[in-house]
Amino acid sequence: FGSRLRPLVSPADCDASALIGDMPKFPKIFDNIEIALKIRGSHLVQIGGAVFQIVVSDGGDVGVLTLDLKSGSAERGKGRADVTVVLTDDDLAAITEGRLDSLHALSSGRLQAVGDIALIGKLSQILESSRPACAYDS
């Protein structure tokens, strides 16, 4: 994974204050994943090639995203998946920001997986690819 792709973002997407404090981070992360699918879905399909279900354990009923990287679509809520991952809001943010690797999270118990756990290695790359351009180093 050589080059960093930069999606179009608004200044509000780069507001770090929206990602700190007690506010949940997963709604913004889910929004960014959906935006990334619209901008570069074929790239994400190439990386993923499977259906991932992300369950934010402290996100309640709305903390679920089914990410179909066979067809390039995402749906809020539960659906059929090749692998389901369960993790906290903070750990999802850490993986998305590149501070935590998904395989390390799995091996340390910070991420639980059901299904094809071989796909977990792709999760970090998928989530990091969905970050807004302002989150990348210039």
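Analyst: Helices (H or I, at least four residues) and strands (E, at least two) are DSSP runs, numbered from the N terminus. With that in hand, I120 is found in helix α4. Please keep in mind that this is a predicted model, in which local features need pLDDT of at least 70, side-chain atom pairs count only at pLDDT 80 or more, and totals for chains, interfaces and linings use all residues. Residues are numbered from 1 along each chain as its sequence is written, and side-chain values use heavy atoms, with hydrogens and water left out.

User: Is I120 buried or exposed?

Analyst: I120 is buried, with a relative accessible area of 0%, where buried means under 20% relative accessible area, exposed over 50%, and partly exposed in between (1.4 Å probe, protein chains only).

User: And what is I120 in contact with?

Analyst: Contact means heavy atoms within 4.5 Å. Leaving aside its neighbours within four places in sequence, I120 touches V83, V85, S102, L103, L106, L111 and A113. For L106, which is 14 residues away along the chain, the C-alpha atoms of the pair are separated by 7.9 Å.

User: Let me look at S124 now. Where is it?

Analyst: S124 is also a residue of helix α4, which covers residues 120–129, and S124 is buried, with a relative accessible area of 5%. Its contacts, apart from neighbours within four places in sequence, are I95, L100, D101 and S102.

User: What does the side chain of S124 reach?

Analyst: The side chain of S124 reaches the backbone nitrogen of S102 at 2.7 Å. This is a polar contact (a pair of N or O atoms within 3.5 Å; within protein, one must be able to donate a hydrogen and the other to accept it, and residues adjacent in sequence count only if both atoms are side-chain atoms).

User: How many residues of α2 are buried?

Analyst: Seven of the eight residues in α2 are buried, so the helix is mostly covered. The buried residues of α2 pack against α1, β1, β4, α3 (102–107), β5 (111–115) and α4.

User: Changing topic, which residues touch the most other members of the largest nonpolar core?

Analyst: A nonpolar core is a set of buried Ala, Val, Leu, Ile, Met, Phe, Trp, Tyr and Cys residues joined through side-chain atoms within 4.5 Å. Of the 30 residues in the largest one, F30, I33, F52, I54, V85, L92 and L111 touch the most other members. The largest share of this core, eight residues, comes from α1.

User: And the chain overall, what does its secondary structure come to?

Analyst: The chain has four helices and five strands, and from the N terminus on its elements run α-β-β-β-β-α-α-β-α. Buried residues make up 43% of the 138 residues in the chain.
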